[in-house]
Amino acid sequence: MLTLTTYRGVIRDGKVDLTDAILPEGTEVVVVAQQPLPSIEEQKKRLATLSQEEWEAPFKAYQKLIEEYPGELDIDSISDEELVELVHQVREERVQWKSS
């Protein structure tokens, strides 16, 4: 089963430093960096150089990811009690990760 979780962090000395998480050894991650956007003119120039294939590639990759890893549950089908239990379970896991 694949689980996607969001953590906040910063880059220090070229490495990701997570501020609120300690992940188990071997955890695979994908980093999405939040950076200031280039000027509108710079963005227009860069986009003008892309072929149709280059433009569509990230959208196709995202669509493929969604198809390969569909959501396991419909949030509307989970009771409030089940949601509370899931939150409690995740909190316990975080405590265990931090203490290891």
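Predicted model: local features only at pLDDT ≥ 70, side-chain atom pairs only at ≥ 80, totals over all residues.

Visitor: Which side chain does Arg12 meet in a salt bridge?
Guide: That of Asp17, at 2.4 Å from N to O. A salt bridge here is a side-chain nitrogen of Lys or Arg within 4 Å of a carboxyl oxygen of Asp or Glu. Residues are numbered from 1 along each chain as its sequence is written, and side-chain values use heavy atoms, with hydrogens and water left out.

Visitor: Okay. Are Arg12 and Asp17 buried, partly exposed or exposed, and what are the numbers?
Guide: Arg12 is partly exposed, at 46% relative accessible area, and Asp17 is partly exposed too, at 31%. The cut-offs are under 20% for buried, over 50% for exposed and partly exposed in between, with a 1.4 Å probe and protein chains only.

Visitor: How many salt bridges does the structure hold?
Guide: Four. Among them, Lys44 and Glu41 pair through their side chains at 3.8 Å, N to O. Another one is Lys64 with Glu68, where the closest N and O atoms are 3.8 Å apart.

Visitor: Where do Lys44 and Glu41 lie?
Guide: Both are in helix α1, residues 40–48, three residues apart, or about one turn of the helix. Helices are DSSP runs of H or I with at least four residues, strands are runs of E with at least two, and the numbering starts at the N terminus. Glu41 is partly exposed, with a relative accessible area of 48%.

Visitor: And how far apart are Lys64 and Glu68 in their helix?
Guide: Because they are four residues apart in helix α2, about one helical turn separates them. Glu68 comes out as partly exposed, at 46%.

Visitor: Switching to strands: how do β1 and β2 run, and how many bridges join them?
Guide: They run antiparallel, joined by four bridges. Two strands pair if DSSP finds at least two bridges between them. Ile11 has Val16 in β2 as its bridge partner, and Gly9 has Leu18.

Visitor: What sits in the turn of that hairpin?
Guide: There are two residues between the strands. Asp13 lies in that loop, with a phi near 55°, which is positive in a residue other than glycine. Gly14 lies in the loop as well.

Visitor: New topic, aromatics. How many aromatic pairs turn up?
Guide: One, from a search of the whole structure. Trp55 and Phe59 form a tilted pair, 5.6 Å centre to centre with 55° between the planes. Rings of Phe, Tyr and Trp (its six-membered ring) pair if their centres lie within 6.5 Å, and planes under 30 degrees apart count as stacked, over 60 as edge-to-face and the rest as tilted.

Visitor: Where are Trp55 and Phe59?
Guide: Both lie in helix α2, four residues apart, about one turn of the helix. Trp55 is partly exposed at 41%, while Phe59 is exposed at 52%.

Visitor: Which residues are nearest its centre?
Guide: Thr3, Leu4, Thr5, Thr6 and Tyr7, out of 39 lining residues. The elements giving two or more residues to the lining are β1, β2, α2 and α3, and α3 has the largest share, with seven.

Conventions: 1 Å grid on protein atoms, 1.4 Å probe; cavity = no way out; pocket = protein on both sides within 12 Å on 5 of 7 lines; lining within 4 Å.
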